[in-house]
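Look at the structure first, then read on.

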Amino acid sequence: MIQEDFLKKLISHSKEYGFIFPSSEIYDGLSAVYDYGQYGVELKNNIRQYWWNAMVRLNENIVGIDSAIFMHPTIWKASGHVGAFNDPLIDNKDSKKRYRADNLIEEYRDKLQDKIDKEVDKAHKRFGESFDKEMYLSTNPKVLEYQSKIDVVNTRLVNALKNDDLNELRQIIIDCEIVCPVSGTRNWTEVRQFNLMFETKMGSVDQEASTIYLRPETAQGIFVNFLNVYKSGRMKIPFGIAQTGKAFRNEIVARQFIFRMREFEQMEMQFFVRPGEELSWFEYWKEKRIRWHKALGFGDDKYRFHVHDKLAHYANAAVDIEFDFPMGFKEVEGIHSRTDFDLSQHQQFSGKKMQYFDADLNQNYIPYVIETSIGLDRTVLLVLSASYAEEKVTNKDGSVEERVVMRFPPALAPVKLAILPLVKKDGLPEKARVIMDSLKLDFICQYDEKDSIGRRYRRQDAIGTPYCVTIDHDSLETDTVTIRERDSMLQERVPVNAVRDIIAENVNMRSLLEKV
Ligand code: GAP
């Protein structure tokens with residue numbers, strides 16, 4: 001399926017089946033803001049719980065907090081967000097459309113890469129089995145020309161971003177003859193910096209009110225509580241503080257569904273270590289986090305590390321975990337070695353000593369920090385896109401139909417089981433209700449007696465319910481039911497009193513946590 005078509009399908013499936021709705025839809029929506037529906041919220045909560053359990057429950061030296069979204073405005077000066085949390089913007093004077101200058105250049109570079117890929121495909125078809133890709137890439141004049149353009153643009157882009165050189169960014173756009181995708185012209189403005197933080201006022205009277213910001217990341221709430229947690233929890237280094245919650249960014253180019261939103265959730269953990277030991281902890285967390293991803297079972301080849309070309313001035317190592325989204329490989333999580341930058345800045349701006357007393361070394365120091373930072377909504381998109389499947393199904397009567405099935409890992413599925421009386425009479429609904437009332441104490445269950453059993457299975461497949469429990473006439477005689485498994489569609493007859501344990505065994509988060 002073409003990638004763009006796949007994303008469109010996912011968006012419409014998410015809406016039709018109650019996962020994700022555009023925000024304020026009856027008022028024509030609000031750009032890059034989304035609401036989670038009845039199944040989306042369960043999926044999101046399960047992903048959050050998987051992360052929380054893996055970070056907080058499984059690690060005795062990591063604790064969680066929940067800090068406020070509103071924070072003292074000086075925090076954002078200390079963190080550098082007031083001065084430097086910017087994107088470089090450029091406008092096209094004809095279309096009046098606004099773009100991120102670096103994105104325009106990246107797209108240009110990606111198009112050159114596409115051209116190389118097309119040349120390789122063509123040559124592969126022409127030469128068949130004897131095709132030597134390495135040789136072709138290193139000798140074909142057309143490919144070499146494209147590659148040299150890519151290399152030049154890459155070097156210029158990295159240097160321009162490193163040096164915050166806005167004129168050079170514009171010059172690259174001019175030199176590469178990049179046109180506005182809407183007007184098709186090269187009539188560009190200067191490049192300007194645009195701060196991504198949302199501002200609001202705190203206080204009742206306008207004159208007295210002070211400007212505060214909606215937090216653009218959850219991490220600073222952890223840094224400013226470092227002393228509180230360290231002291232009240234009698235924490236010993238190395239230790240971590242985790243939290244999940246909303247963050248807000250006035251993204252200029254917000255698109256690709258819930259990949260880039262203006263209001264989103266992060267799951268972040270700051271791990272405080274002895275100075276000098278940070279790079280080995282960085283490696284430790286890199287490996288641990290990729291294991292968390294791979295345990296979901298979507299395929300190891302769907303993930304890769306991307307080492308940052310440009311390190312932030314306070315970082316001494318940074319890597320992204322990228323996933324093969326419908327739009328290609330993109331960042332889902334960042335792992336950063338942030339040195340003592342944040343705590344030192346808060347020490348300087350607040351005047352409070354942000355130090356740890358290391359009894360083993362008999363020494364005070366500002367700890368170094370390894371951060372793991374993953375977008376919750378982006379992980380929802382990851383899980384939705386990796387789980388979506390279209391299949392042909394042959395019915396008992398030989399007819400073939402198509403089903404859309406969300407192959408969620410059972411522990412993440414919004415609804416764990418559906419209770420389906422075969423017919424709406426003969427005492428089957430009553431029996432089904434008794435089973436439902438007992439199982440809903442343990443799992444999110446759904447009762448459905450409407451339409452044919454086949455249609456009901458299709459509805460459960462579309463929301464990714466791993467098990468359907470069917471109550472038929474034999475159930476009344478023998479106190480048994482059939483359990484149908486979503487992926488294999490196999491059915492097994494089991495005693496009613498065994499259902500709870502069978503489902504519990506298979507939808508438990510334990511099997512995921514054992515792998516991380
Ligand atoms: N504290 C570090 C930090 O915030 P980041 O790379 O800016 O780092 C971390 O963000 C993660 O948050 C990203 O990997 C991504 O998954 C998610 N994220 C960032 N901006 C986002 C947005 N506009 N919409 C959805 N998720 C976003």
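The report covers the domains, one interface and the ligand site.

## Ground rules

This is a predicted model, in which local features need pLDDT of at least 70, side-chain atom pairs count only at pLDDT 80 or more, and totals for chains, interfaces and linings use all residues. Residues are numbered from 1 along each chain as its sequence is written, and side-chain values use heavy atoms, with hydrogens and water left out.

## Three domains

The chain splits into domain 1 (1–69 + 196–397), domain 2 (86–195) and domain 3 (408–513). These bounds come from an automatic or database domain assignment. The centres of domain 1 and domain 2, taken over C-alpha atoms, are 29 Å apart.

## Where domain 1 meets domain 2

Nine residues of domain 1 contact 12 residues of domain 2. Contact means heavy atoms within 4.5 Å. The two domains bury about 930 Å² between them, and 56% of that is on carbon and sulfur atoms. Buried area is the accessible area (1.4 Å probe) that two parts lose on being put together, summed over both. Leu196, Ile252 and Lys310 supply 57% of the area that domain 1 buries here, more than any other three residues.

## Around the ligand

Which residues come nearest to the ligand? Of the 19 residues around it, they are Glu217, Arg249, Met261, Glu268 and Glu331. A residue counts as near if one of its heavy atoms lies within 4 Å.

Glu217 places a polar side-chain atom 2.6 Å from a ligand nitrogen atom. In Arg249, a side-chain N or O atom is 2.8 Å from a ligand oxygen atom. Val332 uses a backbone N or O atom, 2.8 Å from an oxygen atom of the ligand.

Notes: Polar contact = N/O pair within 3.5 Å; in protein donor to acceptor, adjacent residues only side chain to side chain.
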